[in-house]
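Hi,

Here is the model I promised to pass on.

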Amino acid sequence: MRLSRIAQELSLRPLTAGAGAEDPDVTLGYVSDLLSDVLASAPAGGILVTVLEHMNVVAVAMHAELAAVVFASDREPDKAVIERAGQEGVALFISPQPAFELVGKLYQLGIRSRGSSS
Amino acid sequence: MSILSFAIRSGDYAQGGSASKGLKEQLKKIGAAPEIIRRVMIAAYEAEMNVVIHSVGGRMTVALDEEKADIEVCDDGPGIPDIEQAMKEGFSTAPAAARELGFGAGLGLPNIKKNSDYLTIESQVGKGTSVKFRILLRPQALGERMRNSLHIAPAGCRGCYHCLFACPTRALRVRGNHPEVRSELCIDCSACISACRTGALTVLGTVGQLPPGEGRVLVVPPALLSQFGPVVGRVLDSLAELGYRDIRVTQAWEDALRGAVMLLANQVSQPRPVISPCCPAAVNLVAARFPSLIGHVAPFVSPLEAVRDSLVGKRAVFVACCPAQRTALDVGRLDRNVEIIVPSVLCNAVMPLAMSQRGGVSWRDSSLQTGETSHQTSSDMNVMRVTGMQHVVNVLEKVEDGRMNDVTVLELAICDEGCFGSPLLGEDPFIARQRWVDARRPADVGAMAVRRKMPLVAKAGLRLDNDMSKAIDKLAKIDILVKSLPRKDCGLCGCPTCVAFAEDMILGKASRADCAFFHEGTEHVP
């Protein structure tokens, strides 16, 4: 499913302006607030749901080659974080909903974790 | 080779990841595969963040060539008191500031290990830590030109040609009492060493000193312990007297591998029989002569490599019983933490001690067990054990023909009775193995099977020419040439077969006059 479509379905607010330009197809996702865990297990090209909103999330997203990061529970990152994400080509979104709700909705849309059989 | 260096500042979370990002750009430029880049990035980022979180500052140095990235991340303190503990998932000493940012879950070092091909850690409390790891950029290159650990001492050769015919891949040539190995064909087994009567063929590093025990772990195969009579416990006692920090017997890792292979064999999707990679030379044989069976080989490393994996951060001395074991240990050696000796070096040191002691078995009595252990739990499974080169080749041919599908697990060992039959050991393999089976021996010490990081690939073997059309021309010439040879496969020319002789002639490595049946002036030999 196109990232823009996911954002629309979940009423996500985009933080990075250029995110719509590429609009990748996203089928995989992950949720975690431990960065090493994200690195180890988040699927390349996937969408990450997290409550961490600092600069290192962007670095990890870039290294793990994630397509997008969704900040749950209205955790708003600094301007510098958003700017950096824009440079690195990582799309950022924010939502007032808690991670649990967001992941549930992503699952309903057919997004799965890597290696999921169902 | 290009060397890159990046400074890493302590506590600078906002800039964390900038060193590894610089590396990523370089890797893209040299055209590394995306999956490989991802592995490098994850390992490098974790190592970099460890310096940011834990240390007073440090640097990352990367040595890049077309095959590998060697990365060293070192800092100036405070050092890791217990590396083994630090390697455990979930163990962390990260400060609250780091934890609040989502670090400090105790996954950093394990993540590095998972994503790198080789890893070593050295640390001194108060001085600093050095984390070195290697990631192969072209893993397939390893299979293309495998290294060998066969050592040739031409002075000992008397030109008996026994080795020529022993080699299962026809990798040897003997020219005027001078054996040569074609490393593109050699599978690092022990067949030629067994056949050699004069000691001209042996394993690299035969001439070696026993490294001192201080601070080192000694890793020994069961076969070494049963060389001195029915006194296995006493031999262990004697080894302990050499002053090593710890002694690990590889049996536990062999058992762990067997368990893991059996679990795997339970999966329906696995082609049967599942071949256990317990003998690295047997795995090489599959890769060289039976590439269609590569999918049958369980994706684990050999027991000896698994032991090395469990000793990250420690100095260790390994006893290698064949060239393949030595190569497996050697290929990933990043520093001097791993030292490799041949059995005789240790046997010579331990013999006087083992022979002088009196009395019964004492070695850590409480932890000694009797007899076969893990084998028995698996008796309900269909495991077939095949040892000895000729039998292994026969069985693999049957597997290739699809006539072994009723066997679930196949354990292959090139030497008779496995490492008990190593030509580097003196005792008869059947006697040595029985002694070990009967002996009380150390209990398992949390040994685990380790998955392969790179898939097993076919060994390319002999290439007539890099240009395929030229190679085809050569093939045709060889065919014609072979018809003019006696086809006695006598070996007198120094090649194991007339076909090999024809190949060598076309490759310019032999001349027609080398053939004993060739007479000047005749086109065809009788």
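Before I get to the details, a word on burial: a residue is called buried when its relative accessible area is under 20%, exposed when over 50%, and partly exposed in between (1.4 Å probe, protein chains only). Helices (H or I, at least four residues) and strands (E, at least two) are DSSP runs, numbered from the N terminus.

Please keep in mind that this is a predicted model, where local features need pLDDT of at least 70, side-chain atom pairs count only at pLDDT 80 or more, and totals for chains, interfaces and linings use all residues. Residues are numbered from 1 along each chain as its sequence is written, chains are lettered from A and ligands numbered from 1 in the order in which they are written, and side-chain values use heavy atoms, with hydrogens and water left out.

**Helix 13 of chain B**

I'd start here. The buried residues of this helix are Pro303(B), Leu304(B), Glu305(B), Ala306(B), Val307(B) and Arg308(B). That is six of the eight residues of helix 13 of chain B, so the helix is largely enclosed by the rest of the structure. What do these buried residues pack against? Their partners in chain B are strand 4 (118-124), strand 10 (216-220), helix 11, strand 13 (315-319), helix 14 (323-331) and strand 14 (338-341). Contact here means heavy atoms within 4.5 Å.

Pro303(B), in helix 13 of chain B, counts as buried at 5% relative accessibility. Leaving out residues up to four places away in sequence, Pro303(B) touches Trp253(B), Glu254(B), Leu257(B), Pro277(B) and Cys278(B). Its C-alpha atom is separated by 14 Å from that of Asp330(B), 27 residues apart along the chain.

**Helix 11 against helix 13, chain B**

Helix 11 (residues 251-265) and helix 13 (residues 303-310) of chain B have axes 9 Å apart and pack at an angle of about 110°. That makes the two helices of chain B roughly perpendicular. Axes are lines fitted to C-alpha atoms, for helices over the stretch in contact, and angles run from 0 to 180 degrees between N-to-C directions. Angles under 35 degrees count as roughly parallel, over 145 as roughly antiparallel, 65 to 115 as roughly perpendicular and the rest as oblique.

On the helix 11 side of chain B, Trp253(B), Glu254(B) and Leu257(B) meet Pro303(B), Ala306(B), Val307(B) and Ser310(B) of helix 13. By class, this contact has five nonpolar residues, one polar and one charged. (Ala, Val, Leu, Ile, Met, Phe, Trp, Tyr, Cys and Pro count as nonpolar, Asp, Glu, Lys and Arg as charged, and the others, Gly among them, as polar.)

Gln270(B) sits in the loop between helix 11 and strand 12 (274-276) of chain B. Gln270(B) counts as buried, at 14% relative accessibility. Apart from neighbours within four places in sequence, Gln270(B) is in contact with Leu264(B) and Gly295(B).

**Two other helix pairs**

In chain B, the axes of helix 2 (residues 34-54) and helix 5 (residues 108-115) come within 8 Å and cross at roughly 155°. That makes helix 2 of chain B roughly antiparallel to helix 5 of chain B. Their contact has five nonpolar, four polar and two charged residues.

In chain A, helix 4 (residues 55-63) and helix 5 (residues 79-88) pack at about 15°, with axes 9 Å apart. These two helices of chain A are therefore roughly parallel to each other. The contact brings Met55(A), Val58(A) and Met62(A) of helix 4 of chain A to Ala80(A), Val81(A), Arg84(A), Ala85(A) and Glu88(A) of helix 5 of chain A. Those residues divide into six nonpolar, no polar and two charged.

Chain B has 20 helices and 18 strands, and 56% of its 526 residues count as buried. Its C-alpha atoms fill a box of roughly 85 × 65 × 50 Å, taken along the principal axes.

Chain A has six helices and five strands, in the pattern α-β-α-β-α-β-α-β-α-β-α along the sequence. Of the 118 residues of chain A, 51% count as buried. The C-alpha box of chain A is roughly 40 × 30 × 25 Å along the principal axes.

Cheers
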